[in-house]
Amino acid sequence: DLLGLASGLLIGGGVAVIRHLRRHFDPFIISGFHFITGAALIAPLANLESRPVTYGIMLSIVATSFLGLIGQLAMIQSFKYMKAAEGSAILVSEAILTAILGNLIYNETLTFRFFVASIMILGGAVYSSYINIRENA
């Protein structure tokens, strides 16, 4: 999917910039600018009249935002201790966790191909961390 590839390229570039910024700023400053910029870019495009917001939907949005904020802060903090490529390898585990949670919450199907890919992703992250530990020892 071309859109997925474009997303990966943009996120990869963003991760490299975040790694550089982490040397100079703490995670709260970087995340704050992300959220302010995101709000400024998204607000004009938002269609607030498309669906009424119920209490349950609002609770889901707030919970998702909170979890995303905690994840963003943890990711940015981790770049203080690792290179951008290593951090990206570990962040790929997000896809595995997303698929598992999708299965548990929404009963989405997990295939054999998913399990093989998961082992490869996690193996690459563990290997990258192992090499980093040996180089810094």
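Hi everyone, let's start with helix α5, which has 14 residues and spans 19 Å from its first C-alpha to its last, close to the 20 Å expected at 1.5 Å a residue. Before I go on, please keep in mind that this is a predicted model.

So, which residues of α5 are buried? They are S93, I96, A99 and G102. There is a general point that helps here: an α-helix has 3.6 residues a turn, so residues three or four places apart point the same way. As for what covers the buried residues of α5, that includes α4, residues 84-91, and α6, residues 112-136.

Now for the surface. L101 also sits in α5, which runs over residues 93-106. L101 belongs to a nonpolar patch on the surface, together with I100, L104, I105 and Y106. Those residues have about 570 Å² of accessible area together.

Let me finish with a residue elsewhere in the chain, R22. You'll find R22 in helix α1, residues 2-22. R22 is buried, yet it has no salt bridge. Where is the nearest side chain of opposite charge? That is D26, 6.5 Å away, and a salt bridge here would need a side-chain nitrogen within 4 Å of a carboxyl oxygen. And what is R22 in contact with, leaving aside its neighbours within four places in sequence? The answer is P27, I30, I76, Q77, F79 and K80.

Technical notes:
Residues are numbered from 1 along each chain as its sequence is written. This is a predicted model: local features need pLDDT of at least 70, side-chain atom pairs count only at pLDDT 80 or more; totals for chains, interfaces and linings use all residues. Side-chain values use heavy atoms; hydrogens and water are left out. Patches are made of residues with over 30% relative accessible area and no salt bridge: like charges are joined within 9 Å, nonpolar side chains (Val, Leu, Ile, Met, Phe, Trp, Tyr) within 5 Å. Accessible areas come from the Shrake-Rupley method with a 1.4 Å probe; for residues, only the protein chains shown count as cover. Helices (H or I, at least four residues) and strands (E, at least two) are DSSP runs, numbered from the N terminus. The expected span of a helix is 1.5 Å times one less than its number of residues. Buried means under 20% relative accessible area, exposed over 50%, partly exposed in between (1.4 Å probe, protein chains only). Contact means heavy atoms within 4.5 Å. Lys and Arg count as positive and Asp and Glu as negative; His and the chain ends are not counted.
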